Amino acid sequence: MAEKRYLLALDAGGTMTDTFAVDQEGKFVLGKSLTNPENEAFSYIASVEDAARSWGMTSADIHQRALSSTYTGTTMLNILLTRTGSKVGLLITRGFVDMPLMERSLTWLGQSYEDILHQQLHEHNPWLVQPEHVKEVTERISVGSFYMQHHYMPGQVVIPLVEDEVRQGVSELLDQGIEVIGILTIGSYVNPIHEKRMAEIAREVVKQRGVDISVVASHEICSLPNENERLKTLLFQCYVAEIGRKKLLSVEGAAKKEGYDYDLLTLLSYGAAASIRYPKLCEAVVSGPVGGLLGGRIVAALLGRPNLICCDLGGTTFDAGLIAAGLLLVNKEPDFAGHRLRLPMVSIDSIGAGTGTVIHVDEATKRINLGPESAGSAVGTCYVYPDITIGDIDLILGYLNEDYFLGGKVKLNKERALQMLKERLAEPLGQDVYDVSSKVLDLLHSQMCDHLSSMLLSKGLNPAEFTLLTYGGSGPLHVWGLDRGLMLGAVLMVPWAAAFSAFGCAAAEYFHRYDKAVTFFLTPDMIDDVKMYQAMGLSAAWQELEQRGYEELEREGIPREQVHFRHGISARYIGQISTWEAPVQKGRVENIEDLNRVIESFEKVYTTIYPAAARFPQAGYQITEVYVEAIGEKIKPVIPRYPLKDKEAAHEAYKGQREAYMDGKWIEFDIWEMDLLQAGNRIDGPAIIEHPMTTLVIPPENYVEFDEHRFIWYRRK
Amino acid sequence: MGIGYQGRTLKEMLEEKDRLFGESGHIYGLERLELVEEDPAKLMRFQMRLLAACINAKETGKLISASPTALAMGELLFMLATSEGDVVCASHGLMGQIQCVPFILRSIVELGFEDEPGIREGDIFSTNDPYYGAPHASDCFTFVPIFYKGELIAWAVGMNHIMEVGGIVPGNLSALSPNAFTDGWLYPPMKTGENFKQHKWWELLWMRRTRMGDFNILDDKMRVTGAVMLHNRALEIVEEFGVDYFRRGIKEILERERRYYLERIRTQAVPGKYQLVVFFPVRYKGWVGKLFPSSDRDWLLHMPNETRILSDGRFAHDLEGLTSEGDFHCQMWEPGIRAMASLGCWPTFAYTPTCNSALTYMIDYKIPPGTMGNMKNPFASTAMGTGIMSKSTTVGYFQTLSYAYLARGFLEECFPANPCVVGYGLDGVMADGFHWAGGNFSFIGGDSYGGRPYKDGEPSCMSTPNPEPDMGEVEQLEFLEPTQLTIGKKLVPNYCGHGKFRGGRGTNMCELVCDPGQHLTIAVFSSGSSETCTIACGFCGGYPGLGSVTYFLHDTNMRELIEKGLPYPTDFVQVREWLKEGKLKAKKVEFYPSDTPNVECRDGDLFITAAHANSGWGDPLERELSLVERDVYYGWLTPDVVRVIYGAVTDEEGKIKLKETEELRQKMRNRRKERSVDARDWWRGEREQVLRKEFSEDVYNMYADILKYEKFHRAFMGMWQLPEDYQL
Amino acid sequence: MERRDERVSQENLKLLVEGKLPWEEVKKMIRLAPKDADRLWKYLNVLQERVTWKDKILLRISDHLYIVAKEGGGRVVKCDCGQEFGDYRANWKLSCRIYVRKTREEMAEVISVEEAVNNPDLVEMREFYCPGCFAQLGVEVVPVGYPVIFEMLPDLDTFYREWLGKPLEDERPDWFQDRTLVLPAQWAKEE
């Protein structure tokens, strides 16, 4: 049997499936295949095969030697978007039958600011569960209150469960031919006793009927407050994850045929890799844009720059995520595809801004609005889209090469773009077409910059301490605008942008995250003994989660000694509704000092965001959640070093000159071919570096340097 | 030497602003938008920067808040205003309140704050007083002046709707309040902080004058923090663009916005006269009256709104005929009225990236003094003016423009909503003697909308006060009301206005009162009464939206049902049926068609509120049968109802029986023929009744009051051709 | 007439009028900015095709009702069934057949939740039918004796001249005058 020394990571996008294969020295090769939504096992193998070829090997050669294979992408998302999920049955607390229809009225998620105001556009999501497949069950558990020391404690059973209703509900659902059963009761995050019993009964009934139908209780995948968000998470699990798992298993089957020995891994929304047998697979539904950030984290570690802004500027959206002090920031109530979920997701903010963004002009009042619509891959009037877009502007200003878009696969029509921009932008505003076009770019850039600086400032972070890392097709095309608009520490690009997120998967840490709701009140008047009494509960909660971590990781073949933990809390001042997450140094509270350190960690986070005047310790503290991250060790790809060539770039990389319009005048830009530039080269602006997948624009006052990793450093002269 | 531009005083700047608009018809007299003409993209960039600053202040600040209304339901707002007080742009949130800021800042100027107590860098000013421009006690405003090199160049403003105002009834909106003293704690504009920090005494006031001091202090911290963040961002933007550009830019944004609105109206609407009327009963006789003799009566409020769309696209509203002012809770002054009106403007024509007070300059109001919309009594109650008067002001735009857009062919823009919301406050004493208070606002967070000329209304889909509707989470809201166990939060079958396209179905909340201890009272407020419809006219033959429904069931057998493991009702329709069948027992059943007094509750009581039953559009007999079938299949409408109202006959599977349906519909048309009369005969009969003055006491009193106003008098006398000496 | 703005086709507009346009298409129309300038003309075509009679539609004022220009002159309100309601300056409701629901029972027929049935001491429910086709044209819920509500009186001359730039031939200064009260006055005389 061959010695195991390879890592495989695949990112199955809408069109292409990228493979990133690494050997133990960290050398890597890339592979590609057309994604085949009907048979992903096929495109999986094809892509690995393609990568193997560049090592003169076959897919089987690599699979037999592979330590792990991580497969992520849009599999799950497509199930949601194409509405091809499971037929879900739902058992829910009596009186809440319409929760899936009402959706808490969040009928505007993901809409643009203007559309949100335009309430005619508010709409409910397509149903994840049919109303006739929702059954009510008598029960109610208290969730507690701010006044709980005077009234019910959290988790108190106020209305006992009526078990017969469960049995009846389940058998009705089975008669209706549902394929998976979800269970949600109000307050299950403080006390799951009813959900547990309901699940038991449901499984019994299913067993008696002799059918293979999975039963999922909300607390099993999410034991956190907010019933609507928990319900959505549960429905994602039931509607998407269970079918998605089957698809992934077929991919794993194919890999095993090729000689792969282990569980197939996939990427979770909070940036971890996990076995596709991982129960909370709903966390894999929203893992799409995470890969890039994971790649970013490796880069951050490699370069010793712990603070990174990772930007993926594509045709339609501008996604940005933060790595602060080497850690990914996690959002625990993310909005995704019109749903508000309750699961930890690497926080990535998106705005509708990209090369495809449509430009609206109001002649009467000379207003210019960007988006929300986007031409996406139709680029603009220069290609096959009816409306003028940013892409049209990039073209007529000379930044884009009409003959080298996607390496020349697509021919762009510059004349048409110019004509349309005149008609629809310049003339209505009574301005020169080139001048106003470049001003529109400024507008786009400043919106992207505001987006980034709000992200930072709302977390109390300072742009100057951050390095901007851009990838994705249009990132390099507009990086100059970002650099001008923000006082950034440094600006960085990777030449192999396309495969960057596959690289990220390969780099993913193998870990699980466990959250648990708790209720500890620490009031100023409380004596230390009482505080410590609660603190013991805190330790116990961490311990419980660690235990789950050990067990689940063991089941996935990682021995205890290879498992270590990260701990943290969510806390607030008593009375507040939002909580702030704070990592803690030590996952135990043994004495009052430990406890104070836990509180300090909260205060530290809070005061980095808010001025001292916003503190309110007089009200006391409430710890609402604890989390544990259980990490299993796993080898990571190493980014290769190249010998540094001299500053002067090789002549064959030079493609001549092109005029481009910038800052009110036409300038001759040198044109270079990115793949022919080498480590150590320096390219001075005005220059444009072209690549089939992207275009890098360098204004006169800037230059770029390719470092030993062929990372591209964008600098000011 | 003033603190304004070139040493002018704020008073001078305000006077100049008024003069310039009066003379030129352009905001700040800006006939030319130079910055726009020179470089439209740059101004747009400037505008979006300011907007981003407001949004950032909101998104960051709101997390500090303690009230679900602010955090979960987005009932907060951050704004940037010119030194003269016009709001330039605002975050999302409680959008209507934008229109109040110019009035409040005008008060601050007219009160001479520039001299005493002085307006300096780092100062914080606060108010929630309707007499000075706020809508009602629960909307608290915080102002931070923005100085650049000693000149006041703008204001950063934060506001939110707090949970508890310390009024005669617990909570933040009171349906039992004869005057300003029972409304709760009203604080006129005052300097409450310095060096960007509130004074200590300010926190003490919150602790002593409201029932939820800690929560309100956190909200206050939120407003200050957000406003200060906005202040700082604004100064960065000044640095980037230069102070001259800033000064002029914010004014051009306003004037351009005004022109943009006018353009939309001229290209989408139809000029003309549109009439809307709303009736709402106030029930004080006997209970409030016991304490307040001047309130020992009931009112049937008359709230007309005649809207003219003028040839230049401006709006002129004539509210003549409004009920006279009195000692009841549904009144407000012009700032509040404009605030509510703007809520009708945003979705219908004012949806732009920067919401601001340019609306003020294209909307005129005629509100006779001495009426409930323009009170002479400085101590008039305004506790629920927003909820009640929004019926005629907000809906004024929904209805007017729905008809105008239908006429012009822009059906897709029609937005015929009849909002009706309900909420409550409560306070109690636990078994151990602990005093507490709380409330629930979630049914204001998410309303349904009405049937449109091309589709049915949707439930839980919009919110009049807030473009980002959110009904909140039970698991969050119960934190503020331990004794209220929610056992039903759901939609109610048949609870909607019917029509060819029916309104969105209403929502229902059912709560079980659990171990309240020594004492618990609940007070419900509502913006729509079931004694009348939410507005007086349905749309194109559809029926208007329905009012709210509140039940209290005392001394029930709920605990017994629960012990026996039996099911129980979770909405008011079930409750009613279960009572009839005797499955549910209650020694005392209280039903309220809208507001309630403080109602004492005990363990095992059921408390139910419902609202959001929105208006239908068009003749129900023309409803698509496939839609009827869907309604029946999902139990949204019951077979008996679709038969009686839609003339649709269904079999036991809920499938439509075509032949029977066609026959029934024909029969119903014939029935209309049989039981209707010619307008003239109807007029004759109705006139007789008017001549004989056969009115119920409430109606009589309403007419007696509004006939004092010339306009209604003319319409009434003319309609019924009454003798000169006709009097009530 | 100016160039057709094809961003909204007459076909889609027809479907919208019939309530049959798919929601995704409707959303595109809602987002359209600026709106198609020739909407009214397309709309009037669609509407005119839907009616059997020839009178020129000037404006639609309700689901079934239009203000039309009469051959012999005059502008009257007309139902798509052909029924005419007289001069548009007088509230068309006074030319309807009227049925009034005065009791709880009568109102309960159309308010399908008994708790929400209005208080007959406060209001009556007036239903206005077309005397021709007996379509329900309007519903009013008002106190007894409340003057009939005139929902919309368009300023047609201003509209056509200043907003559309296509003045009507028969412009007159008094076209924008509420003539509703003329009818009762007449009826009173004849009593």
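**Entry 1: sheet in chain B**

I began with chain B, where five strands make an open antiparallel sheet in the order 14-15-20-17-18. The model is predicted. I looked for the edges next. They are strand 14 (484–491) and strand 18 (586–592) of chain B, and each pairs on one side only.

Strand 17 (residues 549–556) and strand 20 (residues 606–611) of chain B run antiparallel and are joined by five bridges.

**Entry 2: helix pair in chain B**

I moved to helix 9 (residues 213–241) and helix 10 (residues 243–268) of chain B. Their axes come within 6 Å and cross at roughly 115°. Angles from 65 to 115 degrees count as roughly perpendicular, so I logged helix 9 of chain B and helix 10 of chain B as roughly perpendicular to each other.

Which residues meet here? From helix 9 of chain B I listed Ala234(B), Val238(B) and Phe241(B). They meet Val243(B), Tyr245(B) and Phe246(B) in helix 10 of chain B. By class, I count six nonpolar residues in this contact, no polar and no charged.

**Entry 3: sheet in chain A**

I turned to chain A and found an open sheet of four strands, order 6-5-9-10, with parallel pairing. Strand 6 (134–137) and strand 10 (214–217) of chain A are the edge strands, each pairing on one side only. Here neighbouring strands are turned by 20° against each other on average, direction ignored.

Strand 9 (residues 180–184) and strand 10 of chain A pair in the parallel sense over four bridges. In this pair I marked Ile181(A), which stands opposite Val215(A) in strand 10 of chain A.

I checked for helices on this sheet. Helix 7 (residues 193–209) of chain A packs on it, touching strand 5 (88–93), strand 6, strand 9 and strand 10 of chain A. Its direction makes about 175° with that of strand 10 of chain A. Helix 9 (residues 227–257) of chain A also packs on the sheet, touching strand 5, strand 9 and strand 10 of chain A. The direction of this helix makes about 170° with that of strand 9 of chain A.

**Entry 4: helix pair in chain A**

I looked up helix 12 (residues 414–429) and helix 13 (residues 433–457) of chain A. They pack at an angle of about 85°, with axes 9 Å apart. Helix 12 of chain A and helix 13 of chain A are therefore roughly perpendicular to each other. Leu418(A), Leu421(A) and Lys422(A) are among the contact residues of helix 12 of chain A, and Val433(A), Tyr434(A) and Ser437(A) are among those of helix 13 of chain A. The contact has nine nonpolar, one polar and one charged residues.

**Entry 5: chain C against chain A**

Last, I examined the interface. Six residues of chain C are in contact with eight residues of chain A. The two chains bury about 670 Å² between them, 53% of it on carbon and sulfur atoms. On the chain C side, Trp23(C), Ile30(C) and Arg31(C) lose the most area to chain A, together 70% of what that side buries.

How many salt bridges lie between chain C and chain A? I count two. I noted the one between Glu123(A) and Lys27(C), whose closest N and O atoms are 2.5 Å apart.

Notes. Residues are numbered from 1 along each chain as its sequence is written. Chains are lettered from A and ligands numbered from 1 in the order in which they are written. This is a predicted model: local features need pLDDT of at least 70, side-chain atom pairs count only at pLDDT 80 or more; totals for chains, interfaces and linings use all residues. Side-chain values use heavy atoms; hydrogens and water are left out. Axes are lines fitted to C-alpha atoms, for helices over the stretch in contact, and angles run from 0 to 180 degrees between N-to-C directions. Helices (H or I, at least four residues) and strands (E, at least two) are DSSP runs, numbered from the N terminus. Angles under 35 degrees count as roughly parallel, over 145 as roughly antiparallel, 65 to 115 as roughly perpendicular and the rest as oblique. Contact means heavy atoms within 4.5 Å. Ala, Val, Leu, Ile, Met, Phe, Trp, Tyr, Cys and Pro count as nonpolar, Asp, Glu, Lys and Arg as charged, and the others, Gly among them, as polar. Two strands pair if DSSP finds at least two bridges between them. Buried area is the accessible area (1.4 Å probe) that two parts lose on being put together, summed over both. A salt bridge is a side-chain nitrogen of Lys or Arg within 4 Å of a carboxyl oxygen of Asp or Glu.
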